[in-house]
Amino acid sequence: KDKLTRKNLDMICANDVSGGQVFGQDHNALHLFWKHGEKALPQADKNTLADALVSEIMAHYRQ
């Protein structure tokens with residue numbers, strides 16, 4: 001959340017890379033943060049997760 005404010009971003013996406021669980025894997029999970037909210041995208045294959053991320057970006061862009 002600090003980086004979101006510091007860089008004056010509209011939205012930022014984070015994933016937990018501790019333990020190397022996302023590198024070289026077919027699945028991941030993301031957490032989105034924006035000025036007045038946040039949303040966790042649950043673990044899924046990376047293509048599904050990318051589609052969900054784009055949908056969230058589009059929903060916020062339209063607001």
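This short report walks through the fold, the sheet and the surface of a predicted model.

## Overall layout

Let's start with the big picture. The protein chain is built from two helices and three strands.

For a sense of scale, the C-alpha trace spans about 35 × 25 × 15 Å along its principal axes. Among contacts in the protein chain with a separation of 6 or more, 19% are between residues 24 or more positions apart.

## The sheet

The three strands form an open sheet in the order β1-β2-β3, and their pairing is antiparallel. At the edges you will find β1 (11-14) and β3 (37-45), each of which pairs on one side only. From one strand to the next, the twist averages 20°.

Have a look at strand β2 (residues 27-34), which is joined to β3 by seven bridges, with the two running antiparallel. A handy residue pair to find on screen is H31 and its bridge partner in β3, A40.

## The helix on the sheet

Helix α2 (residues 46-62) packs on the sheet and touches β1, β2 and β3. The direction of helix α2 makes about 155° with that of β3.

## Burial, surface and charge

Now for the solvent side of things. The protein chain has 63 residues, and 19% of them count as buried. Its accessible surface comes to about 5000 Å², with 51% belonging to carbon and sulfur atoms.

As for charge, there are 8 positive and 8 negative side chains in the protein chain. The centres of these two sets lie 8 Å apart.

Conventions:
Residues numbered from 1 in each chain as written. Predicted model: local features only at pLDDT ≥ 70, side-chain atom pairs only at ≥ 80, totals over all residues. Heavy atoms only, no water. Helix = DSSP H or I, 4+ residues; strand = E, 2+ residues; numbered from the N terminus. Buried < 20%, exposed > 50% of the residue type's maximum accessible area, 1.4 Å probe, protein only. Contact = heavy atoms within 4.5 Å. Areas by Shrake-Rupley, 256 points an atom, 1.4 Å probe, with all protein chains shown as cover. Lys, Arg positive; Asp, Glu negative; His and termini not counted. Charge placed at Lys NZ, Arg CZ, Asp CG, Glu CD. Pairing = 2+ DSSP bridges. Axes fitted to C-alpha atoms, helices over the stretch in contact; angles between N-to-C directions.
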